[in-house]
Amino acid sequence: MKKFILKRLLISVVLLFFVSLIIYTIMRCMPTSYVENQARALATRPGAKSYQEWVAQLNAQYGMDVGVLRGYFRWLSRAVRLDFGDSWFWNQPILDKFRDVIWYSFFLGLASFILEMVIAIPLGIAAARKQYSMTDYTVTVIALIGISLPSFFFATILKYVFSIKLGWFDLSGTVSRMHQSMTEFQQLMDIAKHMILPVITITVVSIGGMMRYVRTNMLEVLNSDYIRTARAKGLPESRVINHHAFRNTLIPIVTLLGGSLPALFSGAMITEQLFQIPGIGYTSYVSIMQGDIPFVMFYMVFLAVLTLLGNLIADILYAAVDPRVRVS
Amino acid sequence: MGAEKEELNREEMHLDDAARVKVLSPGMMVAKRFFRNRLAIVGMVIIICMFLFSFLGGALNPYSQSQVFYTTEVMLKDYAGAAEIDQYNFVTAEGESLPKDIYSKTMIAASTGKYDFTSRDGADYRLEPLGEETYLIYILEKTGPKPKDIAEREIAVASLKSITADAAGETLSYEFCKAALTAVAEEAESFSCDGVEYTSEFAGHGAMIKKDASSYAFVSDMNFNAVNSGTKLSTAYKLAALEAFDAGAESFTYPDADGSEVTYIIQNKNGQYLIRKNQETKVIDDYAFPSKEHVFGTDGNGMDLLARLMYGGRISLLIGFVVIAIEVVIGTIVGGIAGFFGGATDNLLMRLVDVIYCIPSLPLFLILGSIMDYYQAPPTARIYLLCVVMAVIGWVGIARIVRGQILSLREQEFMIATEATGISVRRRIFKHLVPNVIPQLIVFASMGLGDVILTEATLSFLGLGIKYPAASWGSIINAVNDVNVMTNYVFVWLPAGMFILLTVLAFNFIGDGLRDAFDPKMKR
């Protein structure tokens with residue numbers, strides 16, 4: 001097991017090296033309008049150097065003056081020491097900004113993740129128990145609608161109905177206008193209230209995949225021999241489902257859930273942007289639009305790390321939970 | 001006779017007769033199972049409708065996607081202005097000239113009542129009142145050494161009223177001006193000059209001077225200016241306006257060229273009058289509500305939404321199919337090679353797949369969109385580039401599926417048979433292995449189509465995919481970034497969103513139905 005994990009870890013590191021190299025190359029193609037704007041602003045100051053000199057100096061400062069490969073290794077040598085440099089647009093060290101915004105995304109992700117589990121697992125199992133019944137069709141259609149819904153469209157409908165027509169929630173943001181004058185508990189409730197629509201959006205958009213996953217795996221389990229045996233023994237149906245079938249369905253589900261744990265940190269770019277929630281997704285969106293190369297670079301690599309971590313956890317869990325899986 | 005023939009037929013039929021046992025090919029079985037699935041049928045119908053709507057509808061619709069529509073709107077617009085004359089106007093007699101400071105001197109003389117004054121160049125002048133605010137100006141010339149020896153010579157008429165001829169280009173003679181101004185100042189109904197009889201018609205402080213019962217000149221204490229330089233204000237119109245000013249009315253009516261009455265609205269600001277009128281103006285027909293001409297209304301640029309939905313559908317469907325086609329080609333080749341050869345090749349190719357799988361796609365598309373923005377790529381180039389980039393990122397899923405399938409198929413007997421018969425490697429992969437993967441490919445492709453359409457819509461929604469003037473369902477919804485549009489013009493964004501949802505849902509229904517049809521094991 002240890003050898004397996006170590007091998008997977010090593011492969012992940014190699015993959016990460018190439019992924020970040022590709023990302024860095026793409027980032028270098030980004031328009032560096034930020035540098036040019038900055039140089040233009042600096043050059044207009046009284047007694048300042050010429051625009052060209054400033055551009056050269058800023059490029060040197062940000063490591064944009066050397067070739068892609070050399071620039072990449074320079075970036076890498078700092079990144080392994082967790083020094084990602086300063087964000088251009090946010091004017092602060094990237095890790096500081098990251099620490100400021102990540103918790104919004106995390107709690108947003110966590111809330112919708114829990115909601116998803118609570119809704120998707122029972123519905124998926126219910127659908128599988130009576131295949132081709134009305135319940136099954138309804139769950140299938142709901143799941144497929146969730147998969148097919150564009151998040152921006154669903155968010156717009158939610159905003160239109162609940163914010164504009166009913167006036168229950170604010171259109172966007174994380175706090176209401178009177179936030180400063182509230183007690184601490186009220187402030188917490190205020191923020192929670194602002195998170196309701198985003199959480200619903202993320203949940204509905206991503207619930208379909210999990211529902212179908214649970215249903216498929218439950219069907220597989222229900223079609224297996226030991227379930228037939230359990231029924232043949234004359235066990236009550238509730239015990240067959242809850243005890244024999246459900247426990248075995250948990251294997252793939254736990255694997256899936258474990259694998260998606262790192263994704264809780266990745267942020268929902270579109271949803272956060274639509275609801276103006278200053279999480280990592282929104283911050284990165286703004287950074288991309290502003291050409292903030294260091295921050296976007298950090299975010300892309302961060303996402304790649306999360307993906308690799310998710311795969312790793314899923315693999316390890318699969319091997320750990322299911323003794324039938326041989327470590328190879 | 002009939003019964004006899006039937007007898008004959010029955011005799012000829014054998015147990016293994018093809019007509020006796022209905023044999024279905026595997027493909028027919030799949031089709032039969034597929035068409036039994038109601039959701040899949042719904043999906044098929046939706047997709048066919050979408051294709052007809054986008055491609056046939058786009059061809060039949062009279063409007064193009066970037067045609068801007070205009071409408072006429074009645075707006076209160078400035079028509080003319082009128083200001084009280086506060087400076088004396090001079091009409092000089094033939095051959096005379098006035099000193100430069102005559103304006104101020106006359107003003108002072110008229111207001112103080114000291115009618116004799118000396119101009120800056122030393123000449124003496126005298127005013128003689130003809131009526132209210134109308135004076136005759138004489139120049140005083142010394143004829144002898146005594147102060148009494150002075151001759152008065154008439155050189156001009158000064159008045160706070162202006163006098164203009166009706167006919168363009170006609171200059172009024174001094175004599176006429178003098179007579180007219182005097183008559184108006186005295187409010188005389190008629191006067192004669194050079195043997196011609198004139199009558200005047202008064203309104204307020206102005207008058208229309210008629211010669212032979214038709215309007216000849218206009219005297220008024222107001223200056224009229226039309227806002228449009230092309231418009232000429234007739235004397236009768238000015239007279240009507242003057243009358244309204246005098247009565248303190250807020251509006252008046254005057255017939256236009258066709259004879260219909262037009263209402264003019266007067267605004268008075270310290271003696272400055274502004275005459276406004278409701279005018280029909282051509283404006284862009286933006287956010288027009290659904291009507292007979294525009295079934296879905298128009299968008300913020302005054303373009304027909306139905307046409308844009310049709311053309312947007314073309315783009316979405318086209319991008320979906322092109323991207324999936326490229327993905328399938330790349331994915332099948334890479335996956336097939338990796339699965340067939342295994343070992344180091346497999347390892348290397350699958351690590352490549354892993355690397356691409358790790359690249360976060362949405363941020364990458366956003367970055368590429370902003371790069372294209374920076375280089376101001378033309379809209380068509382953007383569409384092609386978008387297809388290519390989405391395919392280059394998306395093929396890894398297909399490669400994994402193909403490889404997995406081929407790994408298991410490779411060990412089966414029929415592959416040993418192909419090897420034994422000495423069929424070339426290329427043929428073995430692409431003739432014998434890949435066709436067996438096609439069911440999974442079709443399922444994956446139909447579900448992937450929905451994903452691609454969703455991604456394209458998201459990018460266009462963020463303004464980084466398809467750009468104006470080319471339409472896309474996502475970019476139509478982009479209008480909701482304006483809260484005003486979201487609140488008041490639901491018809492702009494709701495249909496586009498429903499179209500995306502329906503299309504993607506239909507592809508997923510089809511994919512789901514195909515999966516069930518291809519994989520009867522799950523049907524137990």
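This is a predicted model: local features need pLDDT of at least 70, side-chain atom pairs count only at pLDDT 80 or more; totals for chains, interfaces and linings use all residues.
## Chain A as a whole

Chain A holds 13 helices and zero strands, and its C-alpha trace spans about 95 × 55 × 35 Å along the principal axes. Of the 328 residues in chain A, 46% are buried, while the chain exposes about 16,400 Å², of which carbon and sulfur atoms supply 63%. Where contacts in chain A join residues at least 6 apart in sequence, 71% of them join residues at least 24 apart.

## Nonpolar cores and a surface patch

In soluble globular proteins, nonpolar side chains tend to be buried together. In this model the largest nonpolar core has 126 residues, and those with the most contacts inside it are A:Phe152, B:Ile319, B:Ile367 and B:Ile477. Helix α15 (residues 490-518) of chain B gives the largest share of this core, 14 residues. Another core, of 25 residues, lies apart from it and includes A:Ala128, A:Val214, A:Ile227 and A:Ile253. Beyond the residues up to four places away in sequence, B:Ile319 touches B:Ile383, B:Leu386, B:Cys387, B:Val452, B:Glu456 and B:Ile466.

## Aromatic pairs

Over all chains the count comes to 38 aromatic pairs. One of them joins A:Phe84 and A:Phe298, whose ring centres are 4.8 Å apart and whose planes stand at 65°, so the pair is edge-to-face. Because A:Phe84 lies in the loop between α4 (68-79) and α5 of chain A and A:Phe298 in helix α13 (residues 293-321) of chain A, the pair ties together parts that are 214 residues apart in sequence. Both A:Phe84 and A:Phe298 are buried, and both belong to a cluster linked by ring pairs, which also includes A:Phe17, A:Tyr24, A:Trp75 and A:Phe302.

## Salt bridges

B:Arg403 and B:Asp346 meet through their side chains in one of them (2.6 Å, N to O), which links distant parts of the chain, with B:Arg403 in helix α10 (residues 379-409) of chain B and B:Asp346 in helix α8 (residues 343-358) of chain B, 57 residues apart. B:Arg403 is partly exposed, with a relative accessible area of 22%, whereas B:Asp346 is buried, with a relative accessible area of 10%.

B:Asp354 takes part in a salt bridge with B:Arg351, the closest N and O atoms being 3.0 Å apart; these two residues both lie in helix α8 of chain B, three residues apart, about one turn of the helix. B:Asp354 also meets B:Arg400 in a salt bridge (2.6 Å, N to O), and this pair links helix α8 to helix α10 of chain B across 46 residues. B:Asp354 is buried at a relative accessible area of 14%, while B:Arg351 is partly exposed at 30% and B:Arg400 is partly exposed at 31%. Elsewhere, A:Arg212, B:Asp512 and B:Arg515 are linked in a network of salt bridges.

## A buried lysine

B:Lys161 lies in the loop between β6 (150-159) and β7 (162-165) of chain B and counts as buried, because its relative accessibility is 10%. Leaving aside neighbours within four places in sequence, the contacts of B:Lys161 include B:Glu132, B:His205 and B:Asp221.

Terms used:
Residues are numbered from 1 along each chain as its sequence is written. Chains are lettered from A and ligands numbered from 1 in the order in which they are written. Side-chain values use heavy atoms; hydrogens and water are left out. A nonpolar core is a set of buried Ala, Val, Leu, Ile, Met, Phe, Trp, Tyr and Cys residues joined through side-chain atoms within 4.5 Å. Buried means under 20% relative accessible area, exposed over 50%, partly exposed in between (1.4 Å probe, protein chains only). Helices (H or I, at least four residues) and strands (E, at least two) are DSSP runs, numbered from the N terminus. Contact means heavy atoms within 4.5 Å. Rings of Phe, Tyr and Trp (its six-membered ring) pair if their centres lie within 6.5 Å; planes under 30 degrees apart count as stacked, over 60 as edge-to-face and the rest as tilted. Accessible areas come from the Shrake-Rupley method with a 1.4 Å probe; for residues, only the protein chains shown count as cover. A salt bridge is a side-chain nitrogen of Lys or Arg within 4 Å of a carboxyl oxygen of Asp or Glu.
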